[in-house]
Amino acid sequence: MPTIANALTFMAEPWFASPWYVVGVLGAAWVIYDAQHANAALNPPLKVCWPILVFFFSLVGLALYLVTSRPADIGAVEGR
């Protein structure tokens, strides 16, 4: 177990953490916009949960949102 902890020490460095959370904030803002406008069929609790997850998990959270909660044919739906 100590080898895994030593291998992940880069995650506490400012050169990693700062961009991680900047991308997380931008991704969370996009998820909020997307959930209100394009993906209106998303359940209300998920509209609150997804931005929080994307903030903390950054690119990984954004990828999970796109794969699990956003329909593939969302661009083909007309109107709201």
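Figure 1. Ala29 counts as partly exposed, because its relative accessibility is 44%, a value between the limits of 20% for buried and 50% for exposed residues. The structure shown here and in the following views is a predicted model. Ala29 belongs to helix H2. Its C-alpha atom is separated by 9.2 Å from that of Val54, although Ala29 and Val54 are 25 residues apart along the chain.

**Figure 2. The spans annotated as transmembrane region.** The unreviewed UniProt entry lists residues 20-36 and 48-67 under "transmembrane region". In the predicted model, residues 20-36 are 100% helix and 0% strand.

**Figure 3. Asn43 in the loop between helices H2 and H3.** The loop that holds Asn43 runs between helix H2, residues 14-37, and helix H3, residues 44-68. Asn43 is partly exposed, since its relative accessibility is 45%. The C-alpha atom of Asn43 is separated by 37 Å from that of Ala5. Asn43 and Ala5 are 38 residues apart along the chain.

Figure 4. Tyr21 is placed in helix H2. With 35% relative accessibility, Tyr21 counts as partly exposed. Leaving aside residues up to four places away in sequence, Tyr21 touches Phe55 and Phe56. A separation of 9.7 Å is found between the C-alpha atoms of Tyr21 and Leu59, which are 38 residues apart along the chain.

**Figure 5. A nonpolar surface patch.** Tyr21, Val48, Ile52, Phe56, Phe57, Val60 and Leu64 make a nonpolar surface patch of about 670 Å². Helix H3 supplies the largest share of this patch, 6 residues. One of the patch members is Phe57, which is found in helix H3. Phe57 has a relative accessible area of 46% and is therefore partly exposed. Tyr21, also a member of the patch, lies in helix H2.

Figure 6. Ser58 is located in helix H3. Its relative accessible area is 1%, so Ser58 is buried. Beyond residues up to four places away in sequence, Ser58 touches Trp20, Val23, Gly24 and Leu53. Most residues other than glycine have a negative phi. Ser58 is not a glycine, yet its phi is positive, about 50°.

**Figure 7. The salt bridge between Arg70 and Asp34.** The model contains 1 salt bridge. Arg70 and Asp34 form a salt bridge in which the closest N and O atoms are 2.9 Å apart. The two partners link distant parts of the chain: Arg70 is in the segment after H3 and Asp34 is in helix H2, 36 residues apart. Side chains of opposite charge can pair when their charged atoms come close. Arg70 is partly exposed because its relative accessible area is 24%. Asp34 counts as buried because its relative accessibility is 3%, which is under the limit of 20%.

**Figure 8. Ser69 in the segment after H3.** Ser69 is placed in the segment that follows H3. Its relative accessibility is 14%, so Ser69 counts as buried. The side chain of Ser69 makes a polar contact with the side chain of Trp50 at 2.8 Å. When residues up to four places away in sequence are not counted, Ser69 touches Asn39, Leu42, Trp50 and Leu64.

Definitions and conventions:
Residues are numbered from 1 along each chain as its sequence is written. This is a predicted model: local features need pLDDT of at least 70, side-chain atom pairs count only at pLDDT 80 or more; totals for chains, interfaces and linings use all residues. Side-chain values use heavy atoms; hydrogens and water are left out. Helices (H or I, at least four residues) and strands (E, at least two) are DSSP runs, numbered from the N terminus. Buried means under 20% relative accessible area, exposed over 50%, partly exposed in between (1.4 Å probe, protein chains only). Patches are made of residues with over 30% relative accessible area and no salt bridge: like charges are joined within 9 Å, nonpolar side chains (Val, Leu, Ile, Met, Phe, Trp, Tyr) within 5 Å. Accessible areas come from the Shrake-Rupley method with a 1.4 Å probe; for residues, only the protein chains shown count as cover. A salt bridge is a side-chain nitrogen of Lys or Arg within 4 Å of a carboxyl oxygen of Asp or Glu. UniProt positions are given in the numbering used here, feature names are shortened, and annotations may be inferred rather than shown by experiment. Contact means heavy atoms within 4.5 Å. A polar contact is a pair of N or O atoms within 3.5 Å; within protein, one must be able to donate a hydrogen and the other to accept it, and residues adjacent in sequence count only if both atoms are side-chain atoms.
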